[in-house]
Amino acid sequence: MSQPLKIALAGLGTVGGGVAKLLLSRKEELSARAGRALELVAVGARDRTKPRAVDLSSLTWFGDAVALASCDADVVIELIGGEEGPARRLVEAALRAGRHVVTANKALLAHHGLELAQIAERQNVSLRFEAAVAGGIPIVKALRESLIAYGINAVRGILNGTCNYILTQMEASGKSFAEVLREAQSLGYAEADPSLDIGGGDTAHKLALLSALAFGVAPRLGQIHTEGIAHITPDDIRFAREFGFRIKLLGMARQTANGLDQRVQPAMVRAGTPLADVEGPFNAILADAGEAGPFFFEGRGAGEAPTASAVIADLVDIARGTHGAPFGRPAADLKSGAGEAPDRVSAYYLRFEVLDLPGVLAEIAGRLAEAEVSIESMIQRGRSPGEPVAIVMITHECAQSRVTDALKVIATSDKVLGSPCMIPMEAA
Ligand code: HSE
C-alpha cells in the first residue's frame, strides 16, 4: 500500500462524530477499499471535555478548528457549517495550504463555490462536497461524472427533508402548517430556527450546486426564484388530492429556450409518479439525462450515517487520486448566467379566499381573462352567503408572469381575503 492519507476533521457534531467513528471503527475495511490507509490524525472542535461516541484521545486536538489548515494532514474535512466565519476561513486556508478539502457545507459553496473552486484548481487539490446535497444519495458524483454523456436537460428534486416531512404530515393529519411545524420541532425533525428549511433557502443552496454540476453555471443564489411552504394550507393539500396531485417543495433546474430556469417552489406533482411518492424526511432527485433517459435517486438526505457515508465516499476518491474540477468543469468555464430566472410556462393551481357574494367569481375570471390566463377547471364549495369561501382553479398552460400580474390585481379586491395562492402543476 502507498502512503497513508492523513485526515484532519473539523466539527464534531452529529455528522463529524459519525465520520470520526467510521474512520476509527472501520479503518481496515475502508483503507482496503481506498487502496491506502485512511488515517485520522487531528480533530478540531471547541470543547475537548464533552463526552464523544468514540475515543479521540490519541489524536492531535485543535480548539481553534481554523488552525487545522496548517496541521500535517493531506485532507481537511469541514463539518462546522455556515457560509462565513470559521468554516469559510478553514476551507480557504486549507486549500491555499495545498490540502484537499471535503465539506458538507452547502451554504458555503452556494455563496462562495466559484471562488473556492478557483483556489482549489490553482493549488491542484480536490474540493469535494457529496455530503452537501441530499445526504447519502450519490447525486453529486452522478451529475459530475456518471451522467455526462448526453448532457442534462432537467433536474428536479425534493432536497429538504424537513419540508417533505411537514407536507407529508399535513396530508396525513389534516393539521395546519404551524401545528405540524411545532410537532416536528418537539420531535427534533425541525430546527428551533426553521427559517432556512421552510423558507426554501436550504433547497436553493443545494439546487445551486446541482445546477453548477449539471449545467456548468457558477452557483448564484440570486438567479434562483425561491419560495417556501409556510403559505400551504390543509385546503391546498385536500384540493391537490382531489385533482390527483400531491404538493412537494421542489428544487428545479431546466434548460429552456430562454435560458436556465432555476426555481425552488411548492409544486403539484401527479400522484403515483416517483417524486410524489417520496414520503417523510426522505430526499429524491429526478435527473433527465437526455437520450440516456430519466434517472431517479431516493434516500436519506440528512442525519449521521447517510451524511457520513457521503463524506467517506469523497475521502476514498481522494485517497485513490481521483482529482478533477469541483464542479466537473474548469472554474473559468463556469457560466455566470443571466440575471433572474426566465418566465416559466406551466399550468397553475390557484386558490382564492373570497367572500361568498354575487359577482366575485366573475371579477376573478375577468381579471384572469384580461391577463390572457385561461381556466381549465374550477371548484367552489359555498358555505353561507357573505362568509369566506375557497375558490380553486386550474389554469391552462401560460407564462407565470401573466398569472402573477393578474393575482396582484385580484388581491386588491375588497371581496378577496388575504393573498391568493399559486402553485405550478408539474408535468409527470
Ligand atoms: N435541514 C436539511 C433538511 C438537512 O431538512 O433536509 C441539511 O441540509
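A residue counts as buried when its relative accessible area is under 20%. Keep that cut-off in mind, and remember that you're looking at a predicted model.

**Stop 1: the whole protein.** Select everything and colour by burial. Of the 428 residues in the protein, 54% are buried. Now switch to a cartoon view and you'll find 13 helices and 17 strands. The radius of gyration is 24 Å, close to the 22 Å given by the globule rule for 428 residues, so the protein is as compact as a globular protein of that length.

**Stop 2: contacts across the chain.** Take the contacts between residues at least 6 apart in sequence: 74% of them join residues at least 24 apart.

**Stop 3: the surface and the charges.**

**Stop 4: Asp-197.** Select residues 195-198, which form helix α8, and pick out Asp-197 there. Is Asp-197 buried or exposed? This residue is buried, yet it has no salt bridge. A salt bridge would need a side-chain nitrogen of Lys or Arg within 4 Å of a carboxyl oxygen.

So who touches Asp-197? Leaving out neighbours within four places in sequence, show Asn-160, Thr-162, Cys-163, Glu-191 and Asp-202, which are in contact with Asp-197.

Technical notes: Residues numbered from 1 in each chain as written. Predicted model: local features only at pLDDT ≥ 70, side-chain atom pairs only at ≥ 80, totals over all residues. Heavy atoms only, no water. Helix = DSSP H or I, 4+ residues; strand = E, 2+ residues; numbered from the N terminus. Rg over C-alpha atoms; globule rule 2.2 N^0.38 Å. Buried < 20%, exposed > 50% of the residue type's maximum accessible area, 1.4 Å probe, protein only. Contact = heavy atoms within 4.5 Å. Lys, Arg positive; Asp, Glu negative; His and termini not counted.
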